[in-house]
Amino acid sequence: MWDIFQDLKKSWSDFLRASNAKKKSSESDEDERDSFNILFEKDNPIAEQFRASATFKNLQPCLHAIYSDPEARLAWEQGMQRHSSQWENVNGNWIEYRLIDGRRKALEKNYDELQQEKFNARAKPARERRRTLQDDLAAKELELAVVRSEQEVLRQKSPELAAKILASELEARRKELQTKDGFMWFPSRRAILETIEARMADKNTLRLITLEGQAGTGKTSFVRALANKFTKENPVEVTVKSKTKVDRQLLADETLDSSHPVVYRPILKAITGKARPEDKPTGDGRIAFVDELNKGDNDEIGDLATVLDGLKVGGVTHYEGMGANPNDKVLPNALVLAAQNPAGARFLNRTKFTPEVQRKMDMIQLDYFPQTNDNPELYEAFLVALMDQDGRIQAKKSEMSPVWVAQSIKDNNGQEIGVQDSLVTDVKHGGMLWRVAEMLHQSYENLAKRKNALTDSNSDAHIQGRVLPPGDIMAWLAMYRKEVKKGISLEHFISTKFFDWLESSFTADHDQEDKRLYLELAEKYSIIQKTAAGEYQAMPQNKIEIDTLTQRDVAELSPRVPRHFIPKEKEARPSDYARGIIDWTAPDGRIHRRVEFRYEKIALPKFFRLPDSKDDAPMYQIVGTIKECESLPELIGKPYFKKVEKDTNQESPTSFIVRDSLNPYREALLAGGIVASDPAVAERKDMAIDLIQLLSQDQSSYQAAGLAEWAKSLNNLESRLSALSPEKRKIVEQEIKDGSIPVFMPGKDIQFSLTVEQLTKQLKPLWIKNSQAQTVADGYLELDYFINLIQTKAKELLVDVPANPYILLTKPTQAPDVRTCDKTLDLQKAELQAINKERKKQNQATAYSMNPHEYAALQVLFTKRTQSESAVPLTDLTPLDSNTWTRFIHLPFSSGGSVPSGCFYPDDRRLGFGWGGAAGADAGGGFRLSVRTEI
């Protein structure tokens, strides 16, 4: 039967090609296979044409045989369903992703163009600048945040989809590597670009923007790529060579030529378009790039920064040092960028600028490519370096890949729920390419004085000299594309190159300690090996079989592509099923009468419904023969269905007990004066949950707050709660067990009909201080920009919010989860992805960052429930975040780089919504994980 299935698929693909029914594309074969589900569609002219073909007619006897055998038909239809599901879940989402990705690219291009327009407009008087430019930029920031969020959600749909997405991204990086500047715009680099764009376009002076990073982080190549983006020209480059006479090196200098006594150095040359004071300016200005800035003297660089900060674009330089013309005009494209290595033990000849000097410049940190399990950009850059013009890699696959092993996944009760491949993080595991990326990452962590493989055993083991940059490894890998054809293994090739690098880089006596540390690190990751005599040597050459890896194969090597979770099979009694007695004829012609089947309720294509049932009644599918019986002779030739009753000893779907749960009220009750011995403040306890009672309480709270529409939208939910599916009930139980409380929320249309005034005036938490109820003032929104988000019902607010009423499940801790604090916005978003990746392994629901409306409802309902949890009056009841704040990380941040957040201000006696810096990493500002379950 499987062979017939494959033949039919192939015939369908051949027919499509022959009939030119589909356009050719780079993935046409795959698209044709995935469109197989339309083969039997009615009113489809292409499918009808195929069914009329000789090929299909030749297969008809086989299809007839399949449909005359119930088990064969069941297998066939399940196969068809799998294909349909694959099309919907993988390729359908892929099409959606491609559309979103096209929007993202267009938005990024438009955003860059708007920033360039703003950059060029610095020289214009305020009245001549486009007034809507700032608004357009803010709108593009919002759209980009939404599109990127939508893309991340799609990545989590399935491993197959994630692989397709990453393959397209790596192909884009490969094409960038082939360009003139060869710069790859990985997400980490794009984020730095947008930071610089915002800073350089927001200034109408030449305030010095300085990139600081270790050797090999790509500072120079980054500036060149940025300069070409903005001015279509390379920057005018100069390297500071000494601590004295910085102005002569960078601005202007005297010559011995009496006819031209003064010559302009790179900064004045770039910003005035002149080589000498007497020349006429050419062009619109360029970007000057000053490398090794901190080789200069502290005071001299401070003077330079002061000069630049005083130069207005479109004005004159006012600089007359060394005979320069102070009336030279600063051209529109003028900009000065600098780069430097961090001063310290590795760079002893670098100046550590005083705080006064640092305040005169904008300092931006540029690190190496990240290399984590969730974000292995360094490893992916190496994969790109190995790709040929077709995006394929010729190499031995096992030398490329990390190592994965099946790991048992257990629930909170320790019961195995399935298995999933897990990345082996042992330093000696994985192919050579993965180990090299990991080793380099550890060396970079060592340079940055962060925890690393060298300091694990010796806290003083720090590399002080030369670093092995990613660019060197990528150059080796480009060479390897030719060497692999000779059968040379990557392991031997990289190991040999590493030894050559060591011998050429560490020749002086003072380098030997660094050389020893590199050897130790390389031996840890099996980049090299030790002989029996204890000497280091390159890895041996072993004969290899070359594999050809397609773009998809390459993408699937990355840990960024999730592995399949395989649930444990278990015999479970269906909640609702029926039995039937049917007569049928087997392929051998033998007649079987009164064969009893079991039919189970499913969410699959329509097979049949029970007799006399309505159109919306459950559909059933055959799940297996029970027996051949002689009962009910009067029903020979007629179907017979008997619905089986559900178990009567189940707990009610709406009223149940969650055993050994984290107590969500403990922190607030202890702070409210309840003694630690009171059972109400036990760290873990059995939580008795009555969803219908909680629903009624939440409705009453909304009604009391004057939110009649919110309360009304929750009417008549009792029947839907009673029919809560086992899957949703399991989600609710799991989150409650982990310390969350359920909050009933209206659907998004009702929720976001709430005006700014209602949000700030009607949703007020309880507040008790020294046993006295406190008056809570109206809340407030700090900025118009934030108000506009709510008034315009910005779609960012609506992301992932269900259309119908839902249960919000979140932990009401006084401060956000510590895992989400001490992080910048980018790191918080990465943390949310990491948490969801772990939740997926545990078979838990996806968590989100809550929105402002949910946050206000949580503040109100939690304080009311906490008060009712105590048998005695509370001395104190403080709303959440009275000393901290909750970030709404899914919302777009402002053009100034701030993130929307909410908190309770005791001094102002009110709930407030304001801002926190996106680059901030304060222990008090995290986000709240929330799970939404539609009722």
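These are my notebook entries on a predicted model of one protein chain.

**Ground rules**

I number residues from 1 along each chain as its sequence is written, and side-chain values use heavy atoms, with hydrogens and water left out. As the model is predicted, local features need pLDDT of at least 70 and side-chain atom pairs count only at pLDDT 80 or more, while totals for chains, interfaces and linings use all residues.

**Entry 1: the chain as a whole**

I looked up confidence before anything else. The pLDDT (the predictor's confidence in each residue, from 0 to 100) averages 81 over the protein chain, and 79% of the residues score at least 70. Residues 21-37 have a pLDDT below 50; beyond near neighbours in sequence, I find 37 contacts for this stretch in the model. A contact here means heavy atoms within 4.5 Å. Residues 644-650 are also below 50, and that stretch has seven contacts beyond near neighbours in sequence.

The secondary structure comes to 31 helices and 32 strands. Helices (H or I, at least four residues) and strands (E, at least two) are DSSP runs, numbered from the N terminus. Of the 935 residues, 48% count as buried. Buried means under 20% relative accessible area, exposed means over 50%, and partly exposed lies in between, with a 1.4 Å probe and protein chains only. Among contacts between residues at least 6 apart in sequence, 72% join residues at least 24 apart.

**Entry 2: strand β1**

I asked how many of the five residues of β1 (208-212) are buried. The count is five of five, so the strand is largely enclosed by the rest of the structure. In a regular strand the side chains alternate between the two faces of the sheet. On one side of β1 I list Leu 208, Thr 210 and Glu 212, on the other Ile 209 and Leu 211, and both faces are covered.

Next I looked up the partners of β1. Two strands pair if DSSP finds at least two bridges between them. β1 pairs in the parallel sense with β7 (361-365) over five bridges, and with β6 (335-340), also parallel, over four bridges. Glu 212 has a bridge partner in each: Gln 365 in β7 and Gln 340 in β6.

Helix α9 (219-231) has 13 residues and reaches 18 Å from first C-alpha to last, close to the 18 Å expected at 1.5 Å a residue. The expected span is 1.5 Å times one less than the number of residues. Its buried residues include Lys 219, Phe 222, Leu 226 and Phe 230. Just after α9, Lys 232 takes a positive phi of about 60 degrees.

I then checked Glu 113, which is found in helix α5 (70-120). Glu 113 counts as partly exposed because its relative accessibility is 41%. Glu 113 and Lys 229 are 116 residues apart in sequence and 9.2 Å apart in space, C-alpha to C-alpha.

**Entry 3: helix α17**

α17 (470-483) has 14 residues and reaches 20 Å from its first C-alpha to its last, close to the 20 Å expected. Which of its residues are buried? I note Pro 470, Ile 473, Met 474, Trp 476, Leu 477 and Tyr 480. They cover an arc of only 155 degrees around the axis, which puts them on the same side of α17. The arc is that of the directions from the helix axis to the C-beta atoms. Among the elements that cover these residues are α7 (159-177), α16 (432-447) and α18 (490-505).

**Entry 4: an open sheet**

Three strands form an open, antiparallel sheet in the order β9-β10-β14. β9 (404-410) and β14 (565-567) stand at the edges with a single partner strand each, so one side of each is left without a neighbour in the sheet. β10 (416-423) and β14 pair over three bridges, with Gly 418 opposite Pro 567 in β14.

β28 (885-887) and β29 run antiparallel and are joined by two bridges. Thr 886 has Gly 902 as its bridge partner in β29. In β29 (898-905), seven of the eight residues are buried.

Ser 882 is found in the loop between α31 (852-869) and β28. Not counting residues up to four places away in sequence, Ser 882 touches Gln 814, Phe 904 and Pro 906.
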